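Please open the structure in your viewer and keep a selection panel at hand.

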Amino acid sequence: MTKKKALSTEQYGELLTSLKERFEQNMERHDSLEWEPIQQKLEAHPYKLWSLFEMERTGGEPDVVNFDQENDEYIFYDCSAESPSGRRSICYDQKALDARKKNKPDNNAMTMAAEMGIEILTEEQYRALQKLGTFDSKTSSWVLTPAEVRDRGGALFCDFRYGQVFLYHNGADSYYGARGFRGMARI
C-alpha cells in the first residue's frame, strides 16, 4: 500500500463490530484464539484496519484464521461463502489487462489486492481455507500464480466442487462473472 488510508469514526466502529460478531459466530475457524488480544492489536494498528475495511466493503467478509507467533501477527482471510462479489469479472494482472484488445474488464486481481493492501491467496492458503468451511462452491478465485506459468500467459484459479479443491489454469487475460480473488491481511 503506497499511502495510508484512514477510516471515519463511524466506519471504524462498524468494522470492529462486524469483525467481532463474525469472530464469535465462526469459532471453528479460530477455536484457540480469543477476541480481546485481536481487538487490542487492531486498535494498536489503525492504519491496517483500512485493508480489512476494503476486504469487507468488497464482500470478502474477513475473519481471523490463524495467529503467526513468529511474527506476532493475526492472519485474516476473506471468508465469504463465494468469491467476493466486489472483486469479480477481473483478469489476473495488469499485464493481462493491457494485453486485451477489446472487452477489457474494469480491473485485475493483482492490482486490486495491492491497492487494498492485501495479498492474494496462494494455492496452499486457499486449500487451508477450505479446511475451515466450504468456500467457492459456485464461484472460483484467482490464486497467486508461479512466474513459470505466468510468463507463458497463464494464471491459476481454484474452486471447491464435489467435496474437494480443484486447481485450474486459464489465460491470465480471461475474466468471468463468477471469478474473483480472495485475499489475506496480516495485523
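This is a predicted model: local features need pLDDT of at least 70, side-chain atom pairs count only at pLDDT 80 or more; totals for chains, interfaces and linings use all residues.

**Helices H1 and H3**

Begin by selecting helix H1, residues 9–25, together with helix H3, residues 46–57. Two packed helices are described by the angle between their axes and the distance between the axes. Here the axes lie 10 Å apart, and the packing angle is about 70 degrees. An angle of 65 to 115 degrees counts as roughly perpendicular, and H1 and H3 are therefore roughly perpendicular to each other. To display the contact, show Gln 11, Tyr 12, Leu 15, Leu 16, Ser 18, Leu 19 and Arg 22 on the H1 side, and Leu 49, Leu 52, Phe 53 and Glu 56 on the H3 side. Coloured by class, these residues comprise seven nonpolar, two polar and two charged.

Trp 50 is buried, at a relative accessible area of 11%. For a sense of scale, draw a C-alpha to C-alpha distance from Trp 50 to Pro 146: the separation is 28 Å in space and 96 residues in sequence.

**Helix H5 and its ends**

Next, select helix H5, residues 109–116. Which of the residues of H5 are buried? They are Ala 109, Met 112, Ala 113 and Met 116. An α-helix has 3.6 residues a turn, so residues three or four places apart point the same way. Turn the view to look down the axis of H5: the buried residues fall within an arc of 100 degrees, so they line one face of the helix. Their packing partners are H3, strand E3 (119–120), E4 and strand E7 (179–181).

Then inspect both ends. Just after the helix, Gly 117 adopts a positive phi of about 75 degrees.

**Asp 63**

Select Asp 63 in strand E1. Asp 63 counts as buried, at 2% relative accessibility. Beyond its sequence neighbours within four places, its contacts include Arg 22, Arg 29 and His 30, as well as Phe 76 and Tyr 77.

**Asp 78**

Move to Asp 78, in strand E2. Its relative accessible area is 0%, and Asp 78 is therefore buried. What does the side chain of Asp 78 reach at 2.5 Å? It reaches the backbone nitrogen of Gly 183. The side chain of Asp 78 also makes a polar contact with the side chain of Arg 87, at 2.6 Å. Leaving out residues up to four places away in sequence, Asp 78 touches several others, among them Met 55, Gly 60, Glu 61, Leu 129 and Phe 181.

**Ser 80**

Proceed to Ser 80, in the loop between strand E2 (73–78) and helix H4 (94–99). Is Ser 80 buried or exposed? At 3% relative accessibility, Ser 80 counts as buried. Its side chain reaches the backbone oxygen of Glu 82 at 2.6 Å. With residues up to four places away in sequence set aside, Ser 80 touches Gly 59, Gly 60, Glu 61, Phe 135 and Arg 182.

**Two positive phi angles**

Glu 61, touched by Ser 80, is the next selection. Glu 61 is in the loop between helix H3 (46–57) and strand E1 (62–68). Although Glu 61 is not a glycine, its phi is positive, at about 50 degrees. At 35% relative accessibility, Glu 61 counts as partly exposed.

Finish at Asp 136, in the loop between helix H6 (123–130) and strand E4 (140–143). Asp 136 likewise is a residue other than glycine with a positive phi, near 60 degrees. Asp 136 is buried, with a relative accessible area of 0%.

Technical notes: Residues are numbered from 1 along each chain as its sequence is written. Side-chain values use heavy atoms; hydrogens and water are left out. Helices (H or I, at least four residues) and strands (E, at least two) are DSSP runs, numbered from the N terminus. Buried means under 20% relative accessible area, exposed over 50%, partly exposed in between (1.4 Å probe, protein chains only). Contact means heavy atoms within 4.5 Å. Axes are lines fitted to C-alpha atoms, for helices over the stretch in contact, and angles run from 0 to 180 degrees between N-to-C directions. Angles under 35 degrees count as roughly parallel, over 145 as roughly antiparallel, 65 to 115 as roughly perpendicular and the rest as oblique. Ala, Val, Leu, Ile, Met, Phe, Trp, Tyr, Cys and Pro count as nonpolar, Asp, Glu, Lys and Arg as charged, and the others, Gly among them, as polar. The arc is that of the directions from the helix axis to the C-beta atoms. A polar contact is a pair of N or O atoms within 3.5 Å; within protein, one must be able to donate a hydrogen and the other to accept it, and residues adjacent in sequence count only if both atoms are side-chain atoms.
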